[in-house]
Amino acid sequence: MEKKLKVGILGATGMVGQRFVTLLAEHPWFEITALAASPRSEGKTYEEAVGGRWKMEEPMPKKVRGMKILNVNDVEKVSSLVDFVFSAVDMTKEEIRRIEEQYAKTETPVVSNNSAHRWTPDVPMVVPEINADHFAVIEDQKKRLGTKRGFIAVKPNCSIQGYAPALAAWREFEPAEVVVTTYQAISGAGKTFRDWPEMEGNVIPYIGGEEEKSEREPLRILGHVENGEIVCASEPKITCQCVRIPVLNGHTAAVFVRFKKKPTIEELKESLISFKGLPQERELPSAPKQFIHLLEEDDRPQVRLDVDTENGMAVSIGRLREDTIYDYKFIGLAHNTLRGAAGGAVLCAESLVSLGYITAKA
């Protein structure tokens, strides 16, 4: 790319916003030209606004420390400085839906980490390796919004990243029933052990809203575009429990699957290893070379050993074996703030650039 695209981050001071900052500071295609947050941060430097709340393990990039924070509600001003924005705002769902549409209507594409638009019928919710074809619905969305280049695209919930790719890889065998338990890291709640010490040595068997998302969102990803909307797949039927565990990064999933066309274990393994999509085919900057890593050791995947595989953008699958009640079972692992959140959104943006949906403003 000859000239970098100008990008803004909405909700730049929060945990996901901080992750966006670290991923974009040296991005080969994108340049941060606007950081926006709540009115209380307006006018402060990024370093001042974040203060002691920097949650990333790597230091705050020097090039953003002195950037002045803009008011996220000043839509016209922020939009005038960027070609597109990433959204990680902390608002009510109603407020998020409204402000993301406001940005889109200024002809500024929005790539969102938020859940507010995941069920808007003409907004694509995409894992680029699985359903990049859903971006086609953007043309219908633009007609509804009355825009020429402005639109909203979202990425799915972090909880599904460790098992939905396997279901997609095995689609030819028709997964019919899936039982999942996710063991989710505290960064998924925007926390570290410093600000959530009661999680040390603790397990909480409830995460608000996560089970519904974990059961429903894979069906939207596995669905198809029809008459300008995303139509969900009817199968597999998924039931899920979500548990918070004392791990900083990395959501693990224990999964049981029953198939309509029972494959051999060799067929399942080959499908995982060979599964790839648009990011690999086009060698996008954030794409893992191998999307799904199949691990054969009995004690893998492990968070400490595997969560950062391919810069945290790969999915690790292990302990794949036959089950006594279902057909097969496995353990999946994905980095929840990289593949599952900001990194997944950056990969969506790279895919949208590659497909011509995001371009420089004239």
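I looked up Glu217 first, and it is buried, with a relative accessible area of 1% (buried means under 20%, exposed over 50%, and partly exposed in between, with a 1.4 Å probe and protein chains only). I am working on a predicted model, where local features need pLDDT of at least 70 and side-chain atom pairs count only at pLDDT 80 or more, while totals for chains, interfaces and linings use all residues. Residues are numbered from 1 along each chain as its sequence is written, and side-chain values use heavy atoms, with hydrogens and water left out.

Next I asked which side chain Glu217 meets in a salt bridge. The partner is Arg118, at 3.2 Å from N to O (a salt bridge is a side-chain nitrogen of Lys or Arg within 4 Å of a carboxyl oxygen of Asp or Glu). Arg118 lies in the loop between strand S5 (110-112) and helix H6 (128-131), and Glu217 in helix H9 (residues 210-221), so the pair ties together parts 99 residues apart in sequence. My note on naming: helices (H or I, at least four residues) and strands (E, at least two) are DSSP runs, numbered from the N terminus. Arg118 counts as buried too, at 3% relative accessibility.

I then checked Glu177 and Arg258, whose closest N and O atoms are 2.5 Å apart in their salt bridge. Glu177 sits in strand S7 (residues 175-184) and Arg258 in strand S11 (residues 251-259), so this pair links parts 81 residues apart in sequence. Glu177 is partly exposed at 33%, and Arg258 is partly exposed at 26%.

My next pair was Lys262 and Glu322, a salt bridge of 3.1 Å, N to O. I also noted that shared partners join Glu101, Asp122 and Arg144 into one salt-bridge network. For the tally, I have 17 salt bridges in the structure.

Last, I turned to helix packing. How do helix H1 (residues 15-24) and helix H14 (residues 342-354) pack? Their angle is about 50 degrees and their axes are 9 Å apart (axes are lines fitted to C-alpha atoms, for helices over the stretch in contact, and angles run from 0 to 180 degrees between N-to-C directions). I logged the contact (heavy atoms within 4.5 Å) as Val16, Arg19, Phe20, Leu23 and Leu24 of H1 against Ala342, Gly343, Ala345 and Val346 of H14.
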